[in-house]
Amino acid sequence: MKKILLSSAILLFVGASFGFRDDTVHLKGVIEDSTCANSKQQMTPGDSRVACVKKCIKEGAKAVLVVDDKIYQIANQKKVMPYAGKEVVVDGTLTNDSIDVSKIADAK
């Protein structure tokens, strides 16, 4: 019995020291381009936003998720490209200010 308890304690300690924890998040925001998102100013309204964001990303900006005043970097850029400029709901794993998107859908 002591060996089982000791083994369990060691596994818990090792798991905790490697940071095994659930950092899964569910966020609602807008997929923007990093250039406009960092300017803190909405460059284009509504429907034309999609075209603007896609153009900026094509020119080298990164896709980011903007939630209120918070900007999240996106680890897997290709997954969010169909949603550029749109309001979305995102599930993913958060590491610092970067999100690895596991699921994305239109918010509307």
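This briefing describes the barrel, its loops, its cysteines and its salt bridges in a predicted model.

Residues are numbered from 1 along each chain as its sequence is written, and side-chain values use heavy atoms, with hydrogens and water left out. Because the model is predicted, local features need pLDDT of at least 70 and side-chain atom pairs count only at pLDDT 80 or more, whereas totals for chains, interfaces and linings use all residues. Five strands close into a barrel in the order β1-β2-β3-β5-β4, with mixed pairing, and neighbouring strands of this sheet are turned by 50 degrees against each other on average, direction ignored. The structure holds zero disulfides and four salt bridges.

**Terms**

- Helices (H or I, at least four residues) and strands (E, at least two) are DSSP runs, numbered from the N terminus, and two strands pair if DSSP finds at least two bridges between them.
- Buried means under 20% relative accessible area, exposed means over 50%, and partly exposed lies in between (1.4 Å probe, protein chains only).
- For angles, axes are lines fitted to C-alpha atoms, for helices over the stretch in contact, and the angles run from 0 to 180 degrees between N-to-C directions.

**Strand β2 and its partners**

- Strand β1 (residues 24-33) pairs with β2 in the antiparallel sense over four bridges, and among the bridge partners in β2 are leucine 65 for isoleucine 31 and valine 64 for glutamate 32.
- Strand β2 also pairs with β3 in the antiparallel sense over four bridges, and here valine 67 has lysine 70 of β3 as its bridge partner.
- Five of the five residues of β2 are buried, so this strand is largely enclosed by the rest of the structure.
- The covering of β2 applies to both faces, with Ala63, Leu65 and Val67 buried on one side and Val64 and Val66 buried on the other.

**Loops with a positive phi**

- Aspartate 68, which lies in the loop between β2 (63-67) and β3 (70-74), has a positive phi of about 55 degrees although it is not a glycine.
- The hairpin of β2 and β3 has two residues between the strands, and aspartate 68 is exposed there, with a relative accessible area of 74%.
- Asparagine 96, found in the loop between β4 (87-95) and β5 (98-106), likewise has a positive phi, near 55 degrees, in a residue other than glycine.
- Asparagine 96 counts as exposed, at 70% relative accessibility.

- A disulfide is a covalent bond between the sulfur atoms of two cysteines, and the cut-off used here is a pair of cysteine sulfur atoms within 2.5 Å.
- The sulfur of cysteine 36 is 4.4 Å from the closest cysteine sulfur, in cysteine 56, which is too far for a bond.
- Cysteine 56 is in no disulfide either, and the cysteine sulfur nearest to its own, that of cysteine 52, is 4.3 Å away.
- Cysteine 36 is buried, with a relative accessible area of 11%, and cysteine 56 also counts as buried, at 16% relative accessibility.

**Salt bridges**

- Side chains of opposite charge can pair when their charged atoms come close, and a salt bridge is counted when a side-chain nitrogen of Lys or Arg is within 4 Å of a carboxyl oxygen of Asp or Glu.
- Glutamate 32 forms a salt bridge with arginine 49, the closest N and O atoms being 3.6 Å apart; glutamate 32 lies in strand β1 and arginine 49 in helix α3 (residues 46-58), so the pair ties together parts that are 17 residues apart in sequence.
- Glutamate 32 is buried, with a relative accessible area of 9%, and arginine 49 counts as buried at 18% relative accessibility.
- Lysine 70 and aspartate 97 meet through their side chains in a salt bridge (2.7 Å, N to O), and this pair links distant parts of the chain, with lysine 70 in strand β3 and aspartate 97 in the loop between β4 and β5, 27 residues apart.
- Lysine 70 counts as partly exposed at 32% relative accessibility, and aspartate 97 is partly exposed too, with a relative accessible area of 39%.
- Lysine 55 and glutamate 59 also meet through their side chains in a salt bridge (3.9 Å, N to O), where lysine 55 counts as exposed at 52% relative accessibility and glutamate 59 counts as exposed at 59%.
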